Amino acid sequence: MNSLSTVGLRSLKLSMSRGISTRVSAASIASLESRWGKLPEAEQGAIADRLAVAEKGDWKNMSLEEKRASYYIAYGEHGARNPKDPNLTKAVMAYSSVFVLVAFGMYAWWQTQKPVVRTMTPEWKAAEDARAIELQQNPFQGAYAEELKKQNK
């Protein structure tokens with residue numbers, strides 16, 4: 001059990017042992033929908049626990065504010081059910097686009113900055129092919145195979 005519910009249960013047990021009413025004060029649940037997110041977790045737990053005890057009794061004895069508060073705690077738009085921010089999608093797309101563009105820019109810059117490997121130049125490839133023909137390497141494919149095809153024609 002987390003600390004939030006243990007705090008609420010302790011206060012509830014204490015109030016029940018002293019014979020204090022479990023009714024939730026009207027001030028603590030007045031306009032609960034607008035205040036719920038700003039309340040400390042301990043107070044949220046205490047209110048929720050007291051309303052849970054009140055719900056176990058006769059619902060006709062509960063005030064309209066208590067019923068509204070109970071419904072809001074159970075099904076209201078808070079926590080995981082909080083409505084999505086309409087600008088969140090735009091912000092995520094903007095940050096993702098910026099990240100991708102920066103990454104692409106860095107890759108393009110890196111491609112222009114890396115040195116040309118001397119074994120990848122056309123001159124090197126021509127010299128390599130000439131040496132392969134001279135040594136008669138790989139008569140089935142490659143430069144010498146092409147030379148043999150030209151000779152057989």
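I looked up Gln136 first: buried or exposed? Gln136 is exposed, at 52% relative accessible area. The cut-offs are under 20% for buried, over 50% for exposed and partly exposed in between, with a 1.4 Å probe and protein chains only.

I am working on a predicted model, where local features need pLDDT of at least 70, side-chain atom pairs need 80 or more, and totals for chains, interfaces and linings use all residues. Numbering starts from 1 along each chain as its sequence is written, and side-chain values use heavy atoms, without hydrogens or water.

**Loop between α7 and α8**

I checked the backbone at Gln136. Its phi is positive, about 55°, although Gln136 is not a glycine. Most residues other than glycine have a negative phi. Gln136 sits in the loop between α7 (122-135) and α8 (143-152). Helices here are DSSP runs of H or I with at least four residues, numbered from the N terminus.

I then went to Asn138, in the loop between α7 and α8. Asn138 also is not a glycine, and its phi is positive, near 50°. Asn138 counts as partly exposed, at 37% relative accessibility.

**α7 against α8**

At what angle do α7 and α8 pack? I read about 65°, with the axes 8 Å apart. Axes are lines fitted to C-alpha atoms over the stretch in contact, and angles run from 0 to 180 degrees between N-to-C directions. α7 and α8 are therefore roughly perpendicular, a class that covers 65 to 115 degrees.

The crossing of α7 and α8 is right-handed, that is, the near helix is turned clockwise from the far one by less than a right angle. I listed the contacts (heavy atoms within 4.5 Å). Asp129, Ala132 and Ile133 of α7 meet Ala143, Tyr144 and Glu147 of α8. By class I note four nonpolar, no polar and two charged residues. Ala, Val, Leu, Ile, Met, Phe, Trp, Tyr, Cys and Pro count as nonpolar, Asp, Glu, Lys and Arg as charged, and the others, Gly among them, as polar.

**α4 against α5**

I turned to α4 (residues 41-56) and α5 (residues 64-75), which pack at about 115° with axes 10 Å apart. Their crossing is left-handed, with the near helix turned anticlockwise. From α4, Ile47, Ala48, Leu51 and Glu55 make the contact; from α5, Glu66, Ala69, Ser70 and Ile73. I note five nonpolar, one polar and two charged residues there.

**Residues 92-110**

I looked up the record last. An unreviewed UniProt entry places a "transmembrane region" at residues 92-110; such annotations may be inferred rather than shown by experiment. In the model this span is 100% helix and 0% strand, and its end C-alpha atoms lie 27 Å apart.

Terms used:
Helix = DSSP H or I, 4+ residues; strand = E, 2+ residues; numbered from the N terminus. Parallel < 35°, antiparallel > 145°, perpendicular 65-115°, else oblique.
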